[in-house]
Amino acid sequence: MSLAKITEVKGQGVYVAGDEIDTDRIIPARFMKCVTFDGLGEYLFYDVRKTEEGADKEHPLNEERFKNASILLSGANFGCGSSREHAPQAIYRYGFRGIIAESYAEIFFGNCVNLGIPCFIAAKEDIAAIAAAVEADPSIEIALDVTNEQITYGGKEITAVVRDTARFALTEGKWDTIGELKEAADEIAKVAEALVYVTK
Amino acid sequence: MAKSLFEKVWDAHTVRSMSNGQTQLLIGTHLIHEVTSPQAFGMLRDLGLKVAYPHRTFATVDHIVPTDQRVEPFADPLADAMIQELRKNCAEFDVTFFDLPTGKQGIVHVVGPEQGITQPGSTIACGDSHTSTHGAFGAIAFGIGTTQIRDLLATQTMSMTKLKVRQVKVNGKLQPGVYAKDVALHIIRKLGVNGGTGYAYEYAGQVFDDMTMEERMTVCNMSIEGGARAGYVNPDQKTFDYLEGRPYSPKGAEWDAAIERWKSFASDPDCEYDDVVEIDGADIEPTVTWGINPGQAITISENVPTVEESPEEEKANVAEALEYMKLPAGSPIKGTKVDVCFIGSCTNGRLSDFEEAAKYVKGLKVAPGVKAIVVPGSQVVDGICKAKGLDKVFNDAGFEWREAGCSMCLAMNPDKLIGDQLSASSSNRNFKGRQGSPTGRTVLMSPVMVAAAAIKGEISDSREVFGINQLVEA
């Protein structure tokens, strides 16, 4: 099982403002009544994007000029709350391939890495500057350099953080860990045998 | 070298280092439910893999089950498809399922402890962020995503970065009318909703020593609301007393050996923590949320904050929360009219939660126009409550006593807010839309505070409503 080495993600951006954007907001729970992740992209940020009748509300994701965005920008503690992988799945299936935020909730961050979505941690003022540039010209390209932990946009370059474990996993094509976990079957059996709880 | 419980448990379950620098950690007990597991089983099938250690996975159904009527097929075909899928997966992969007819069904974080599956010194994971609940027993318990569920099913291990440990010490005694829920909300308010990122919280101090197991579960449950992926209390005699005689608890000679082993996992007295925070239990008041995350909390006697008086970096968040909650800034939260009252959830859906609330609502009536529901966390809790007549106490007072499930905590079943209804809720999250209406409003509080809100029809100080003595005994 060979995975893509994710060293760089390029695309247009869209800024969804706010701190503490939780996974219930990213994908409301009622859309998790499903047994696959198919089609979840459609319901991304649903309750802040749509009225109860299904009409568009004012939201950056509803704006034509941001329709091609594949880099999502947001605030602090992005993805907090429920552990639902439906949230990063919805983000990915909507078409996003990278996220820039001030900070992330831990479970969400890990879920993103497992799906090969780089989550860049950037300073509040840098995110505001990128957001302003995107607002002025939505067509500008944002390049996320995972290897060097840098973001370039409109001729500017800023330093960000990807976290070492995530950077390694993405750039080495090891973001899905199941292959490596399976290799240790014998060691697993030894540790499991030493456990005295939940015995057969 | 002196070690914390977290380090001891982590070391005992470490398989090896991963190439990404994380640890391959063995998870001894894997809990699953219908919402986050079906895709994991799907991935397993796609990869042609089997469940490596099926006896180490336990399933229940909680999020989507209706709590008013249990006739199958469920009225909601999507919910029905989910329970059928879980049945199919458990049967095919030989996983124990506490299904509806077993009498053991309930919220996964209520079922694990009451069946004796949750044990000190173990590692536990579940595709549910409130898995931190199980830490009350001195287990290290993590919420995980669906890809990790797949990893656990296939290998019983997952890749994870070791957490730092912060000891959160709550000293002294709680005042009468102050509950574990208030302690949890107080900690989150003080340390922030992301203050625990990268940490496991070790809860300690006199207040935790004095707590019952169910109270400890309430606080550990909400660790994740403070950003901490795990939270735990060192095991003690109360832990052992709670576990004795439960279906999956060790028996006979194994029981005595288990106690000795469990004791050995407790943090060494001289171990070093990455951080220590001390809180005076006497400072904690009945606490309620006013905003759209659990850190936006105030005591019942405080006023809702104003944008102007909030710190600069908080102004935008406060403004957003005030607009959503439609609460007048600078006014008391006490007296806010409530539409719905909910006692239940993995935070506060256990026997003692209902006993305590029942004690005060007995002989009183829910205010006109208020919909009040009481939802036991499991079929076992339901049975004990009924044997004690608690269902009758609540029904007589005008509450609806329901069947076991997650209910109104999260809007995946018929229990939902309508429009911008305001709910006094003993659950754990007050996020926008959390309780099922995109404009619904949630105010988190303890079960006794929910009971007071139900009786008065407005957010109230339960100590005043029920005449709970506020003086600390000398």
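Q: In what sense do strand E3 and E4 of chain A pair, and over how many bridges?
A: Strand E3 (residues 98-101) and E4 of chain A pair in the parallel sense, over 3 bridges. Two strands pair if DSSP finds at least two bridges between them. Strands (E, at least two residues) and helices (H or I, at least four) are DSSP runs, numbered from the N terminus.

Q: What kind of model is this, and how are things numbered?
A: It is a predicted model: local features need pLDDT of at least 70, side-chain atom pairs count only at pLDDT 80 or more, and totals for chains, interfaces and linings use all residues. Residues are numbered from 1 along each chain as its sequence is written, while chains are lettered from A and ligands numbered from 1 in the order in which they are written.

Q: Back to E4(A). Which residue there is the bridge partner of A:Ile99?
A: A:Cys119.

Q: What is the strand order in that sheet?
A: E4-E3-E2-E1-E5-E6-E7 of chain A. The sheet is open, has 7 strands and shows mixed pairing.

Q: Why is one side of E4(A) and of E7(A) left without a neighbour in the sheet?
A: Strand E4 (119-121) and strand E7 (156-159) of chain A stand at the edges, and each has a single partner strand, so one side stays without a neighbour.

Q: How much twist is there from one strand to the next?
A: The average is 35°. Axes are lines fitted to C-alpha atoms, for helices over the stretch in contact, and angles run from 0 to 180 degrees between N-to-C directions.

Q: Which helix packs on this sheet?
A: Helix H5 (residues 124-136) of chain A. Among the strands that H5(A) touches are E1 (8-15), E2 (69-73) and E3 of chain A. The direction of H5(A) makes about 80° with that of E1(A). Contact here needs C-beta atoms, placed from the backbone, within 7 Å.

Q: New topic: chain B. What is the order in its open sheet of 5 strands?
A: E5-E4-E3-E6-E7 of chain B, with parallel pairing. Strand E5 (96-98) and strand E7 (140-143) of chain B are the edge strands, each pairing on one side only.

Q: Over how many bridges do E6(B) and E7(B) pair?
A: Strand E6 (residues 123-126) of chain B and E7(B) pair over 4 bridges, in the parallel sense. One partner pair is B:Ile124 and B:Ala141.

Q: And what about strand E8 of chain B: which residues point which way?
A: In E8 (residues 157-160) of chain B, B:Thr157 and B:Ser159 point one way, B:Met158 and B:Met160 the other, and all are buried. Buried means 20 or more other C-beta atoms within 10 Å of the residue's own; exposed means 12 or fewer, and partly exposed is in between, with C-beta atoms placed from the backbone.

Q: Why the two directions?
A: In a regular strand the side chains alternate between the two faces of the sheet.

Q: Where is the cis peptide bond?
A: From B:Glu72 to B:Pro73, with omega near 0°. B:Pro73 sits in the loop between strand E4 (57-60) and helix H3 (77-93) of chain B.

Q: What is phi of A:Phe45 near?
A: Near 55°, a positive value in a residue other than glycine. Most residues other than glycine have a negative phi, and most peptide bonds are trans.

Q: Is A:Phe45 buried or exposed?
A: A:Phe45 counts as buried, because 22 C-beta neighbours lie inside 10 Å.

Methods:
Contact = placed C-beta atoms within 7 Å.
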